[in-house]
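The following exercises are to be worked through with the sequence and the model side by side. Each task is followed by its solution in steps.

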Amino acid sequence: MNKISGMLLLALSLAACQQSAPTDTVDSLIANPERLKELRAQCKADHAKLGDAVCNAVAEATRRRFMGNGTPYTPAAPQR
């Protein structure tokens, strides 16, 4: 029993050391502009530290806040 609990403790410790999934989603960043601003500065300063997943979410949230989430403008066809 003691050996099993030791192995379980080791497994939990190793799982805790692994990098967790990003908690900042594109939608949560759009809703929280202060957090978006903070993460934009961090991605600019040290992209490798934050990782691609977080910085890509920051870039997409920034794009959506600026451009909107709708269909882009398409000019009407010229009349003949």
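**Exercise 1. The chain as a whole**

What does the accessible surface of the protein chain come to, and which share of it belongs to carbon and sulfur atoms?

Solution. The accessible surface comes to about 7000 Å², and carbon and sulfur atoms hold 59% of it. The model is a predicted one, in which local features need pLDDT of at least 70 and side-chain atom pairs count only at pLDDT 80 or more, while totals for chains, interfaces and linings use all residues. Residues are numbered from 1 along each chain as its sequence is written, and side-chain values use heavy atoms, with hydrogens and water left out.

Next, list the secondary structure. The protein chain has 5 helices and 0 strands, in the order α-α-α-α-α along the sequence. Helices (H or I, at least four residues) and strands (E, at least two) are DSSP runs, numbered from the N terminus.

Of the 80 residues in the protein chain, 16% are buried; buried means under 20% relative accessible area, exposed over 50%, and partly exposed in between (1.4 Å probe, protein chains only). Among contacts (heavy atoms within 4.5 Å) between residues at least 6 apart in sequence, 54% join residues at least 24 apart.

**Exercise 2. Helix α3**

Determine which residues of α3 are buried and where they lie around the axis.

Solution. Begin with the length. Helix α3 covers residues 33-45, which is 13 residues, and its first and last C-alpha atoms are 18 Å apart, close to the expected 18 Å. The expected span of a helix is 1.5 Å times one less than its number of residues.

Then identify the buried residues of α3, which are L36, L39 and C43. They lie on the same side of α3, because they cover an arc of only 70° around the axis. The arc is that of the directions from the helix axis to the C-beta atoms. On the other side of α3, the exposed residues are E34, K37, K44 and A45.

Last, find the packing partners. The buried residues of α3 pack against α2 (26-31), α4 (47-50) and α5 (52-67).

**Exercise 3. Helix α5**

Carry out the analysis for α5, from its span to the residue that follows it.

Solution. The 16 residues of α5 should span 22 Å, and the end C-alpha atoms are 22 Å apart, which agrees. Its buried residues are V54, C55, A57, V58 and A61. They are on the same side of α5, because their arc around the axis is only 155°. D52, F66 and M67 are exposed on the other side. The buried residues of α5 pack against α2, α3 and α4. After α5 comes G68, with a positive phi near 90°.

**Exercise 4. The disulfide**

Which two cysteines form a disulfide, and how far apart are their sulfur atoms?

Solution. A disulfide is a pair of cysteine sulfur atoms within 2.5 Å, and the count is 1. The pair is C43 and C55, with sulfur atoms 2.1 Å apart. The angle about the S-S bond is -100°, and the link is left-handed. Since C43 lies in helix α3 and C55 in helix α5, the pair ties together parts that are 12 residues apart in sequence. Both partners can be checked for burial: C43 is buried at 11% relative accessibility, and C55 is buried at 6%.

Terms used
Accessible areas come from the Shrake-Rupley method with a 1.4 Å probe; for residues, only the protein chains shown count as cover.
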